[in-house]
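Dear colleague,

Please find below the structure that I am handing over to you. My notes on it follow directly after.

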Amino acid sequence: MQRIGVFVCHCGSNIAATVDVKKVVEIVKNEPGVVHAEDYQYMCSEAGQALIAKAIAEKNLTGIVVCSCSPRMHEATFRKAAERAGLNPYMVEIANIREHCSWIHKNIEEATEKAVILARAAIAKVNLNAPLKAGESRVTKRALVIGGGIAGIQTALDIADAGYEVDIVEKTPSIGGRMSQLDKTFPTLDCSACILTPKMVEAAAHEKITIYTYSEVEKVSGFVGDFTVDIRKKARSVDMDKCTGCGVCQEKCPSKKTPSEFNRGLGNRSAIYTPFAQAIPNVPVIDRDACLKFKTGKCGVCAKVCQAGAIDYEQKDEIVTEKYGAIVVATGFDTIKLDNYDEYAYNQSKDVITSLELERVMNAAGPTKGHLERLSDGKHPKEIVFIQCVGSRCSDDRGKPYCSKICCMYTAKHAMLIRDKYPDVNVTVFYIDVRTPGKNFDEFYRRAVEDYGVNYIKGQVGKVAPQPDGSLLVQGVDLLDNKQILKKADMVVLATAIEPDPSVRKIATMLTASIDTNNFLTESHAKLRPVESPTAGVFLSGVCQGPKDIPETVAQAGAAAVKAIGLLAKDKLLTNPCTAKPDELLCNGCSACANVCPYGAITYEVKLINDHGIREERRVAQVNNALCQGCGACTVTCPSGAMDLQGFSNRQIIAEVDAICR
Amino acid sequence: MPMNEEFKPKIVAFCCNWCSYAGADLAGSSRLAYPADVKIIRVPCSCRVNPMFILRAFEKGADGVIICGCHPGDCHYSTGNYYARRRMAMLFSMLEYIGIENGRTRVEWVSAAEGVKFSTTMNDFVAKIKSLGENVRLGDIRCKN
């Protein structure tokens, strides 16, 4: 029989306001196995933990139940406290009477009754707990960064500077990401390329960093400290070692009709291409869907003009398998598709563009060489209307419910830059709210209004109607003056909502990392563990976790790097001891458990079994504790009930069921 | 049960540690109320839920049992929720055959970010169980007082 202590936390008034903690203590005192019960203001405080330690020593407790907040919050705290007091940490159970009780119920009687039941379930469980010992696993001192934008580059640089090997996997032909497409950056108006390219070069030159571009993560197995990852290096059709990056092939390529991804489809590129002039690596790829050689078998111009003999039409995809201790996801974002927003005439008029497209238009290397002109007729616009929150803060399912966070600032930037360069152009911004929290952000926005005379109108736009004369009629509303507005514009720019890059879904599935309804990766704790995925060893960097601007992305990238370094610096990790355990007497070696194990942790061995005096050789299941992650799939599959899960055993869970249904 | 007393169903919710238990935590910290009749048991994965646990719950007087796990494709253990989905489909149809109405059992996918979904699911499930009334079909008469 266990000697159990129950510790009921008030959590200030968080629990005590709706749960009569004294009453809970009185009732649970009579539960089987309970020899001690008390309540305290804050169990997680030093004094609270001392209280637990004292009771363990004085009452010779063999198990404890803490009735408090979620185990996801403080289970580790109380396990450590118990361990310090000489108790096996796995003899601790938590009854979640805050998140699952006091915070959601108002009626004190009901909440107290429920708290008692939850405590009883935990007591019933701990009565059946057994001491467990964590094993050890090794740490591969190498990190993988998925995504080669500013987030991935920064994370990789920080990890590499700490002395660890880092691989960057980037799906496009060059690192650089979205930031490389931007013209200027707020709030300082730095040239984006000028501050990004040195980082790209640094990453490429770093002896600890290996960059795989035009590559994708194909398969991930293993777990924290010991991931095995297959990376598919897509066939570039160009030999990276031979190519000198002279660019002649791109010049001579006769197939130049493919919309340039880098220029957001404004303008074309050749079939053999590097996405932009500063691309790293400066080695082109052949787009096999566009290349005449691949499509018709004729052509081969690039091979003829290449002095280095680097063109290789026979090149095949290559799979690289590498081991990593930590994985950082930095997959970034894209803008949403505007197919559901017919009212803005994006698909009807070339002069309605997204803000990211405007970045390309404003950029000297862009489709208009940096000249502000209408994409339909090349004319200089006189009236430009910006529409905010296109698909952001959307209450229906056409768009996204969240604020994309960056649009208010980049629109102020665009408006300011246009007014600065072309004082003859009138700029009007339709907005719902202007949101500019951030260092020097509001000052920046006010400059746009006060110094540059940008006309901000609070209200939404209902329709953009292309007119026969080529102009655009913008129908909006001014909420402050409560009047309808009809405005003729030459160009309309849509602050299009951002969403996580679509590739993140597949990557999240491979990493078994949680993802939310908007496809942003979930952090382990919204406030206290913002760069860690709930999946151990997986870290989050940049917009894959939520909308962010560049300063925030860089800060988070550094934070993710620090967390990864903290992991890589360890030689051994403690493993979860709640693993599957077969009862060899019951096992008949049928292989059902091994078939459902996602980790290949179960093997079979022929062993001499003494079954109640009958000694015979039998094939029985064996669990590799280093591989088992403790999901429990095998325990339910086993037809003879031989497999059980330590820490969540059949008897423990049934005891909880019984306590709840009592 | 006396006619004038409000029916307080006993509801057991098995929640996986990685998604749904965290979703329940988020419902809690967001103060999204649902009836106190729901009691949550934490399991590592929805695939840990043995049909035996559900039978046991009904036998011991539960009026409804709900299993919550990660969305298909999002399982922390890659494939656990697929096993749970198949097992429960099979079990629930057998339970219906012996008289445990389909409404008393449910599988729901709730992610760690879906506090709202957790709360609405539980409100909805409790309302359903209340409309079905007390479960008398499988209750072990030895368990009644």
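How much area is buried between chain B and chain A, and what share of it do carbon and sulfur atoms give? The buried area is about 4300 Å², and carbon and sulfur atoms give 60% of it; the term denotes the accessible area (1.4 Å probe) that two parts lose on being put together, summed over both. In chain B, Lys39(B), Arg42(B) and Arg48(B) lose the most area to chain A, and together they make up 15% of what that side buries.

Before I continue, please note that this is a predicted model, in which local features need pLDDT of at least 70 and side-chain atom pairs count only at pLDDT 80 or more, while totals for chains, interfaces and linings use all residues. Residues are numbered from 1 along each chain as its sequence is written, chains are lettered from A and ligands numbered from 1 in the order in which they are written, and side-chain values use heavy atoms, with hydrogens and water left out.

**The interface**

The interface brings 52 residues of chain B into contact (heavy atoms within 4.5 Å) with 50 residues of chain A. Between the two chains, 21 residue pairs are in polar contact, both residues being at pLDDT 80 or more. A polar contact is a pair of N or O atoms within 3.5 Å; within protein, one must be able to donate a hydrogen and the other to accept it, and residues adjacent in sequence count only if both atoms are side-chain atoms. On the side of chain B that touches chain A, β1 (11-16), α1 (20-29), β2 (38-43), α2 (51-59) and α3 (80-97) each supply at least two residues. Helices (H or I, at least four residues) and strands (E, at least two) are DSSP runs, numbered from the N terminus. The most is given by α1(B), with 7 residues.

**Salt bridges**

A salt bridge here is a side-chain nitrogen of Lys or Arg within 4 Å of a carboxyl oxygen of Asp or Glu. The rule finds 51 salt bridges over all chains, and 6 across the interface of chain B and chain A. Arg72(A) and Asp25(B) meet through their side chains in a salt bridge (3.6 Å, N to O). Within chain A, the side chains of Glu552(A) and Lys405(A) form another (3.0 Å, N to O). This pair links distant parts of the chain, 147 residues apart: Glu552(A) lies in helix α15 (residues 550-568), and Lys405(A) in the loop between β21 (383-390) and α12.

**Backbone features of chain A**

Most residues other than glycine have a negative phi, and most peptide bonds are trans. Ala345(A), a residue other than glycine, has a positive phi near 60°; its place is in the loop between β19 (333-335) and β20 (352-354).

Yours sincerely
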